[in-house]
Amino acid sequence: MSSNADDSVQKETLLVAGLEVYAYYSKAKSNPFDTKSIGDDESLKVMFSLHGRNGSAQESDGLYRDLVTRYYKESPSQSLVIITFDHRNHGKRAVNKDRNKTWKEGNDSHGADMLSIITGGVADVKTIYDYLPALVPGLSKYKRVTHVMSGISMGAMTTLRVAVQHPGIFSGAVSLIGSFDLTSSLMNRLHDFGRSALYKESYDSFSKSFEPRLYPRELFDVVAKDDTYCANNYDLDDKLKTFLMFGDHDNIIPSSRSEPFLTKHGKKFKSRQDFDSKEQFQAIKYNAEHEVTTEMREDWTTWLVKF
């Protein structure tokens with residue numbers, strides 16, 4: 001991926017609840033780390049963003065520098081800060097990297113490992129959101145601060161959980177190659193059921209298709225409950241603006257996993273040519289596999305500028 005980020009992009013390291021948190025912003029623009037740079041009538045966009053499984057905040061450094069650079073090329077007058085951190089058991093927080101592997105790679109607890117990391121990520125985001133203003137006083141100097149939640153792959157799944165479990169704190173959500181349906185996304189890796197919305201079904205109806213120890217009933221119960229809540233309570237109205245990006249050739253988290261959700265709410269997938277940054281809710285398929293393409297970066301930036 002090409003990154004044309006310039007040297008004006010600054011990375012700040014903070015400590016929140018014992019967790020290293022990284023902030024990206026432009027040194028040449030108004031930012032909360034330099035209160036003298038903040039005018040009397042300025043607003044700020046704060047975008048939280050999370051990496052995927054086997055990734056890290058450090059590996060995403062080029063992406064966030066690129067996004068800040070792209071953003072200011074399209075919107076030189078609006079301030080932006082990107083907040084990120086390592087998922088649990090990733091990057092500097094890694095304890096056992098083997099536990100980030102899949103079932104096929106020999107990790108029998110892949111389901112519980114990945115899904116619990118997502119749950120932990122939701123808690124981490126809320127903690128950082130709550131305490132960040134106390135640690136960065138410059139945030140209170142802005143007339144208006146708008147928050148956006150975003151993430152890639154596992155980070156996208158975390159993003160959608162954050163949006164539905166903590167309504168009202170984020171005004172926007174950007175999900176790249178993720179899914180609303182965690183149950184089906186994981187269980188179809190164990191056995192090709194050929195369908196989604198498995199959280200609606202009985203565990204006994206399909207548990208004979210795989211070894212129960214790999215996806216125990218207790219795991220199914222807690223994740224299916226959250227999937228059901230997400231499907232029924234995700235805000236598609238005017239309080240949360242949502243942009244979903246899917247790879248049309250993604251075999252890891254296929255777009256079909258989110259199709260029942262879209263159908264339930266009267267929504268449909270669109271092609272990239274129909275992307276409209278003004279739409280309140282949209283799901284776009286890109287000519288991509290399980291990856292973040294240049295086209296996705298471009299539309300992500302445009303969406304953020306118009307937000």
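# Exercises on burial, cores and salt bridges

D124 is buried, with a relative accessible area of 9%; buried means under 20% relative accessible area, exposed over 50%, and partly exposed in between (1.4 Å probe, protein chains only). The model is predicted, so local features need pLDDT of at least 70 and side-chain atom pairs count only at pLDDT 80 or more, while totals for chains, interfaces and linings use all residues. Residues are numbered from 1 along each chain as its sequence is written, and side-chain values use heavy atoms, with hydrogens and water left out.

## Exercise 1

Find the salt-bridge partner of D124 and state which parts of the chain the pair ties together.

Solution. 
- Step 1. A salt bridge is a side-chain nitrogen of Lys or Arg within 4 Å of a carboxyl oxygen of Asp or Glu.
- Step 2. D124 meets the side chain of R93 in such a bridge, at 3.1 Å from N to O.
- Step 3. R93 sits in the loop between β4 (79-85) and α2, and D124 in helix α2, so the pair ties together parts that are 31 residues apart in sequence. Helices (H or I, at least four residues) and strands (E, at least two) are DSSP runs, numbered from the N terminus.
- Step 4. R93 is partly exposed, with a relative accessible area of 25%.

## Exercise 2

Solution. 
- Step 1. Helix α6 holds D227 and helix α3 holds R161, so parts 66 residues apart in sequence are tied together.
- Step 2. Both D227 and R161 are buried.
- Step 3. D41 counts as exposed at 57% relative accessibility, and K143 is exposed with a relative accessible area of 63%.
- Step 4. The count of salt bridges comes to 19.

## Exercise 3

Which side chain of opposite charge is nearest to R257, and what does R257 touch?

Solution. 
- Step 1. R257 is placed in the loop between β7 (241-247) and α7 (259-264).
- Step 2. R257 is buried yet has no salt bridge; D192 is the nearest side chain of opposite charge, 5.3 Å away. Lys and Arg count as positive and Asp and Glu as negative; His and the chain ends are not counted.
- Step 3. The side chains of R257 and S196 are joined by a polar contact of 3.1 Å. A polar contact is a pair of N or O atoms within 3.5 Å; within protein, one must be able to donate a hydrogen and the other to accept it, and residues adjacent in sequence count only if both atoms are side-chain atoms.
- Step 4. Not counting residues up to four places away in sequence, R257 touches S179, D181, S184, S185, N188, R195 and S196. Contact means heavy atoms within 4.5 Å.

## Exercise 4

Explain why α4 is described as largely enclosed, and say what covers its buried residues.

Solution. 
- Step 1. Eight of the nine residues of α4 are buried, so the helix is largely enclosed by the rest of the structure.
- Step 2. The buried residues are L182, T183, S184, S185, L186, M187, N188 and L190.
- Step 3. Their cover includes α2, α3, α5 and α6.
- Step 4. At the start of α4, a side-chain oxygen of D181 reaches to within 3.3 Å of the backbone nitrogen of T183.

## Exercise 5

Identify the residues with the most contacts inside the largest nonpolar core, and the element that gives the most to this core.

Solution. 
- Step 1. A nonpolar core is a set of buried Ala, Val, Leu, Ile, Met, Phe, Trp, Tyr and Cys residues joined through side-chain atoms within 4.5 Å.
- Step 2. The largest such core has 42 residues, and Y215 and Y234 have the most contacts inside it.
- Step 3. Helix α6 gives the most to this core, with six residues.
- Step 4. Among the residues that Y215 touches are W103, L115, T183, L186 and M187.
- Step 5. A second, separate core of 30 residues includes L63, V148, I177 and F275.
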